[in-house]
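Please look over the sequence and model shown here before reading the notes on them. The briefing is meant to be read with the structure open.

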Amino acid sequence: MSRSSYDYLSRAQRERERRNALKTIAVLGAAVAVVTAGVVSSLDDGTEEVVADCVIATQQTDGTYRVVDDRFCDGGSHAAYYHWLYGSSTTSRTGYVRGGSRTRPVDAQITTRVGKVVQRGGFGKSGSTGKGGAGG
């Protein structure tokens with residue numbers, strides 16, 4: 001049996017549609033790659049990363065602060081007794097930190113030692129305020 005011109009055109013048309021679909025997929029793939037690259041590069045925007053510790057507001061005689069559960073610095077009736085301490089460092093004494101500042105850094109990614117985000121820094125900053133506690 002011979003093939004009709006209808007079958008031939010139909011196959012040619014299907015092949016053309018297949019090539020167009022492949023071109024569309026290639027263009028969309030390239031667009032996704034460009035957007036992904038932009039997002040990834042914006043993640044490392046040079047924003048400073050700072051650790052926050054919720055501490056008892058009274059400094060110890062050795063200059064350290066006693067670390068307490070983060071919930072005490074999230075406002076409420078505990079505000080006068082606790083505050084966030086930003087950029088402090090741990091000591092050899094478990095549960096105590098030294099140094100740092102009570103002043104919240106601007107445009108910084110602030111997280112607690114357990115990974116809770118207190119403030120997101122950089123472009124599109126959002127997240128919980130982390131305000132609470134004396135001087136927070």
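The notes below take up a sheet, an aromatic pair and a pocket in turn.

This is a predicted model, in which local features need pLDDT of at least 70 and side-chain atom pairs count only at pLDDT 80 or more, while totals for chains, interfaces and linings use all residues. Residues are numbered from 1 along each chain as its sequence is written, and side-chain values use heavy atoms, with hydrogens and water left out.

**The sheet**

- Four strands, in the order β3-β1-β6-β7, form an open sheet with mixed pairing; strands are DSSP runs (E, at least two residues) numbered from the N terminus, and two of them pair if DSSP finds at least two bridges between them.
- The edges are taken by β3 (82-86) and β7 (117-119), each of which has a single partner strand, so one side of each is left without a neighbour in the sheet.
- On average, and with direction ignored, neighbouring strands of this sheet are turned by 35 degrees against each other, where the axes are lines fitted to C-alpha atoms.
- β1 and β3 run antiparallel and are joined by 5 bridges, and the bridge partner of Val55 in β3 is His83.
- β1 and β6 run parallel, again with 5 bridges, and Val50 stands opposite Ile110 in β6.
- β6 (residues 108-112) and β7 run antiparallel and are joined by 2 bridges, with Thr111 opposite Val117 in β7.

**The aromatic pair**

- The count of aromatic pairs comes to 1, given that rings of Phe, Tyr and Trp (its six-membered ring) pair if their centres lie within 6.5 Å, and that planes under 30 degrees apart count as stacked, over 60 as edge-to-face and the rest as tilted.
- The ring centres of Phe72 and Tyr82 are 4.8 Å apart and their planes are at 25 degrees, so the pair is stacked.
- Because Phe72 lies in the loop between β2 (64-66) and β3, and Tyr82 in strand β3, the pair ties together parts that are 10 residues apart in sequence.
- Phe72 counts as buried at 16% relative accessibility, and Tyr82 counts as buried at 16% as well (buried means under 20% relative accessible area, with a 1.4 Å probe and protein chains only).

**The second largest pocket**

- The second largest pocket holds about 150 Å³ of space; a pocket is an open set of points on a 1 Å grid where a 1.4 Å probe fits, with protein on both sides within 12 Å along at least five of seven lines, and lining residues have an atom within 4 Å of a point.
- Its lining has 14 residues, of which Asp53, Val67, Val68, Asp70 and Arg113 lie nearest the centre.

Conventions. Points joined across faces, edges and corners; volume = space filled by probe spheres on them. Axes fitted to C-alpha atoms, helices over the stretch in contact; angles between N-to-C directions. Buried < 20%, exposed > 50% of the residue type's maximum accessible area, 1.4 Å probe, protein only.
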